[in-house]
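Open the model in your viewer and keep the selection tool ready. The stops below go one selection at a time.

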Amino acid sequence: MTYEIRTPTPGTTGPALAPPARSARSGGRGALVAVSDLHVRYKENRDIVEGLQPQSDDDWLLVAGDIGERVSDIRWALALLSSRFAKVVWVPGNHELWTTADDPVQLRGVARYEHLVGICRELGVLTPEDPYPVWEGDGGPVVIAPLFLLYDYTFRQPGVTSTHEALARAEKAGVVCTDEHFLHPDPYPTREAWCRARVAATEARLAAVPEDLPTVLVNHWPVVREPTEPLWYPDFALWCGTEATADWPVRFRAAAVVYGHLHIPRLLVCDGVPHQEVSLGYPREWQRRSRAPGRPVQILPVPAAAGDTTGTPA
C-alpha cells in the first residue's frame, strides 16, 4: 500500500446499473460534487445547507452521510438539496442510524434505515438500495456506487487481536463512540453481523458492474484504514470502517472514493486512487479553517489542482 496526502480541493438486490441519466435542465455537462457530515441540528450548519447551490443545472451532489439524527431534519435537508441539484445520491452515516429519545421516529436498526430509504425514494434521491447510476457528464462515464457498510471493529491498534480486547482498551482510554448507545443493529445480533451482511451484499453488486466502467465509491466510513492515521484518539478507528474493503478501490476500478465521518477534510491518494474526505463537521471544527465552510468538493471532472502531488493535511 502506498499513499500520499494532498491538499483538499473545494469546490441489496436489483440491477447493477441504472440507465444512463442526464439532466435536461441545461445544455452543460455539469460536475459531480460531494459533501458530508452536515450535522444540521446546529443552526450554523443549517444556515450553510440553506445556502448550498449548484454551479450548474447539471451538477450531481453526493451526500456521504451524517446529515443529522432526527428524521425530520434528514428529510428537510434532502428535500432542499434534491430541489436544487440535478441528482442527489445519499448514503447513511452513523448519526442517521441513531435512535434518540427526542426523535418522534423510534425505529431501530434495519427498520430505521429502510424508513430513510423510503423518504429518499419519495424525494427522488438515490440510495445504496437503488440501481447504481452512471455519471455521463465531464469525467464520465463512471458508475456511482453509494455504499452502506458500517464497521466491524477491525481497525485495531497494533498488537490487539480481538474485538473484546480492542473495546476494553478503548474504554480504558476513555474513548467510546456514542454509537454504542444509540446505533442499534436490530434484527442483527451485533453491529459486526450487520456489517458483514452489508459487505457481502455490496461486494456481489460491485462485482456485477461491467469491467469496462470505472466507479466512484461513496461511503460514510473510509473503505481503507489509512485515513484514520491522523486521529487524535487512535482507538476511535474501531468505529471507522472494516478491513474487509481494503482492496475494493483497486479491485473495483475506483476513479475516486468519497467518504466522511472523520471530520478531517483532505485528499489522500492510496495505491493511485484518490480518497476524498468531504465533511463539513461541527461549527467548532469548520470555524477554525481558512476556507469557506460547506462548499461541496468537486470529484469529477478532476480539478486541475488535484494534479499537484505536493501539499499537507488540512
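Helices (H or I, at least four residues) and strands (E, at least two) are DSSP runs, numbered from the N terminus. Axes are lines fitted to C-alpha atoms, for helices over the stretch in contact, and angles run from 0 to 180 degrees between N-to-C directions. This is a predicted model, in which local features need pLDDT of at least 70 and side-chain atom pairs count only at pLDDT 80 or more, while totals for chains, interfaces and linings use all residues. Residues are numbered from 1 along each chain as its sequence is written, and side-chain values use heavy atoms, with hydrogens and water left out.

Select helix H1 (residues 43–50) and helix H2 (residues 71–82): their axes come within 10 Å and cross at roughly 25 degrees. H1 and H2 are therefore roughly parallel to each other (angles under 35 degrees count as such).

Next, show side chains. Arg46, Val49 and Glu50 of H1 meet Asp73, Trp76, Leu80 and Leu81 of H2 (contact means heavy atoms within 4.5 Å).

Now color by pLDDT, the predictor's confidence in each residue, from 0 to 100. The chain mean is 90, and 88% of residues reach 70 or more. Select residues 1–15, where pLDDT stays under 50, then residues 20–27, where pLDDT also stays under 50.

Last, select the cysteines. How many disulfides does the structure hold? It holds zero, a disulfide being a pair of cysteine sulfur atoms within 2.5 Å. The sulfur of cysteine 240 is 7.7 Å from the closest cysteine sulfur, in cysteine 177, too far for a bond. Cysteine 240 is buried, with a relative accessible area of 0% (buried means under 20%, with a 1.4 Å probe and protein chains only). Cysteine 120 is buried at 1%.

Technical notes:
Parallel < 35°, antiparallel > 145°, perpendicular 65-115°, else oblique. Buried < 20%, exposed > 50% of the residue type's maximum accessible area, 1.4 Å probe, protein only.
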